[in-house]
Amino acid sequence: MTIADFAPESIAFSSGHYIGGKAVAAGQCIPVARPSDLVDYADLPVANADTVDHAVADAARAVASSGWATRPPRERARSMRRWAELIEERAVELGRLEALGSTRPIAQAVTGDVASVAEGIRFFSEWADKLGGEVAATRHDHLGLIVSEPYGVVGAITPWNFPLSMASWKVGPALAAGNAIVLKPSELTPFSTVRLAELAVEAGIPAGIFNVVQGNGLVTGDALSRHPGIAKLSFTGSTRTGIAVMKAAAESGIKPVTLELGGKSPQLVFADADLAKAAACIAGSLLANAGQACVAGSRLIVQRTVMDELIGLLKGRLATVTPGPTWKASTGYAPIISETQARRIDRILAESSQQGAECLLGGGRIEGHGGAFYQPTLLANVTAQTAAVREEVFGPVLTIQAFDDEKEGLALADHPEYGLAAGVYTADLGRGLRAMRALKAGTVWINRYSRTLDFILPTGGYKSSGIGKDLGRQAVEANLRHKTVLIDIGV
């Protein structure tokens with residue numbers, strides 16, 4: 001597929017909420033800026049409690065009237081497969097819409113993000129008829145059943161860093177399980193999710209089963225989190241916001257909550273590792289979306305005897321990047337999402353420098369491109385108290401710490417707050433597995449650092465990095481509740 005440049009002014013999109021299969025413009029508007037040039041390009045209505053109530057009520061009506069939850073599971077799966085086909089057919093359209101207002105360059109959006117969304121929806125469709133419950137072992141004169149049922153209406157709040165992908169992680173399992181969903185995308189990247197919902201209706205998924213409400217976290221996110229008609233809630237974002245979401249959900253009535261939150265993921269490199277491969281993986285993690293990913297491997301823990309060699313390899317890979325507007329096909333390096341986030345990176349680096357950190361590469365803005373672009377940055381001479389080690393930067397910043405033996409390396413890798421992901425590089429399988437056992441992280445990659453299209457593998461965190469799982473069978477099961485049935489059948 002040939003990916004071409006596009007003019008951002010040429011892209012048409014729906015800027016309102018999407019409720020019951022229709023565009024709804026309600027609420028006071030806030031401006032939305034393009035990260036590539038920081039130009040305001042749209043106004044976004046903020047859904048207040050009344051609009052959220054409208055969306056939740058419409059979703060409940062859709063569940064009751066459309067038969068989505070009770071129709072034969074294979075029919076649900078068929079509609080979802082058709083949805084995946086439409087996503088693939090409209091890959092360039094969706095990719096342009098994603099690239100227009102997010103940090104995702106058009107080439108990566110089309111061939112990576114949109115392709116992953118279609119494959120993920122297809123994966124989840126295949127679970128529609130796979131999780132129906134079970135017969136329990138009971139006394140011979142009883143029949144015990146454990147019946148799986150959808151919750152009804154579930155809520156979801158997605159982040160700005162991978163808008164389409166994160167929406168599909170929430171919507172796919174919810175719909176496969178027979179639920180309706182009301183989803184709030186980030187106010188920074190709101191519009192591609194609406195197009196995804198429109199394509200769902202075009203594929204035969206009933207209107208109202210996938211509703212989208214726009215707005216910010218303080219108003220719309222809070223209203224959705226505490227709405228009594230939401231039976232289950234899923235959120236991806238920062239740990240701080242996740243705490244607020246969980247609190248709001250509990251205050252309005254107990255409901256299950258899935259949270260994928262922040263990370264400060266270590267990449268642990270032993271002296272026997274393939275250093276060229278390790279450098280490629282580590283650099284790839286840092287450069288992907290300019291480090292704006294929850295699982296970014298932002299802490300390098302390297303055995304002292306190979307530290308200098310590995311740093312040299314990393315400098316070679318990080319020295320040249322191709323920043324540019326996301327609507328240019330040649331762009332390979334993403335902008336920072338906003339000037340606010342870029343200033344936050346500035347603050348963390350300045351504080352780290354005051355604490356004694358030594359900048360080996362980068363350390364500042366990339367000028368001349370219009371948006372808030374940031375240099376890939378390597379920081380040495382850091383400790384556990386250094387700001388860049390302690391805080392989730394959400395930018396292309398890698399801290400470097402050295403260790404002498406396995407025990408010390410594992411101790412450095414352990415973060416007091418976060419436990420989302422970790423990488424281990426070693427030629428010794430036993431050492432790799434020992435490290436896997438010791439690392440307190442929801443995902444451990446060995447001799448690699450990235451996800452694949454193996455959607456069967458769940459993702460989620462330990463500690464303050466979250467609870468519950470996205471992806472995998474576990475994501476579908478999280479959208480089902482279970483009813484115990486015991487029948488006296490006599491003898």
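Angles under 35 degrees count as roughly parallel, over 145 as roughly antiparallel, 65 to 115 as roughly perpendicular and the rest as oblique. This is a predicted model, in which local features need pLDDT of at least 70 and side-chain atom pairs pLDDT 80 or more, whereas totals for chains, interfaces and linings use all residues. Residues are numbered from 1 along each chain as its sequence is written, and side-chain values use heavy atoms, without hydrogens or water.

Helix 2 (residues 73-89) packs against helix 5 (residues 163-176) at an angle of about 155°, their axes lying 10 Å apart. Helix 2 and helix 5 are therefore roughly antiparallel to each other. Contact here means heavy atoms within 4.5 Å. From helix 2, Arg76, Met80 and Trp83 meet Val171, Gly172, Leu175 and Ala176 of helix 5.

Trp83 and Leu175 also belong, with Ile87 and Phe210, to the residues with the most contacts inside the largest nonpolar core, which has 84 residues. Such a core is a set of buried Ala, Val, Leu, Ile, Met, Phe, Trp, Tyr and Cys residues joined through side-chain atoms within 4.5 Å, buried meaning under 20% relative accessible area with a 1.4 Å probe, protein chains only. A second, separate core of 32 residues includes Ala273, Leu286, Val306 and Leu420.

Strand 17 (residues 377-380) is joined by three bridges to strand 14 (residues 358-361), and the two run antiparallel; Ala380 stands opposite Glu358. Three bridges also join strand 17 to strand 18 (residues 397-403), in parallel, with Val397 as the bridge partner of Thr377. Strands pair if DSSP finds at least two bridges between them.

Definitions and conventions. Axes are lines fitted to C-alpha atoms, for helices over the stretch in contact, and angles run from 0 to 180 degrees between N-to-C directions. Helices (H or I, at least four residues) and strands (E, at least two) are DSSP runs, numbered from the N terminus. Buried means under 20% relative accessible area, exposed over 50%, partly exposed in between (1.4 Å probe, protein chains only).
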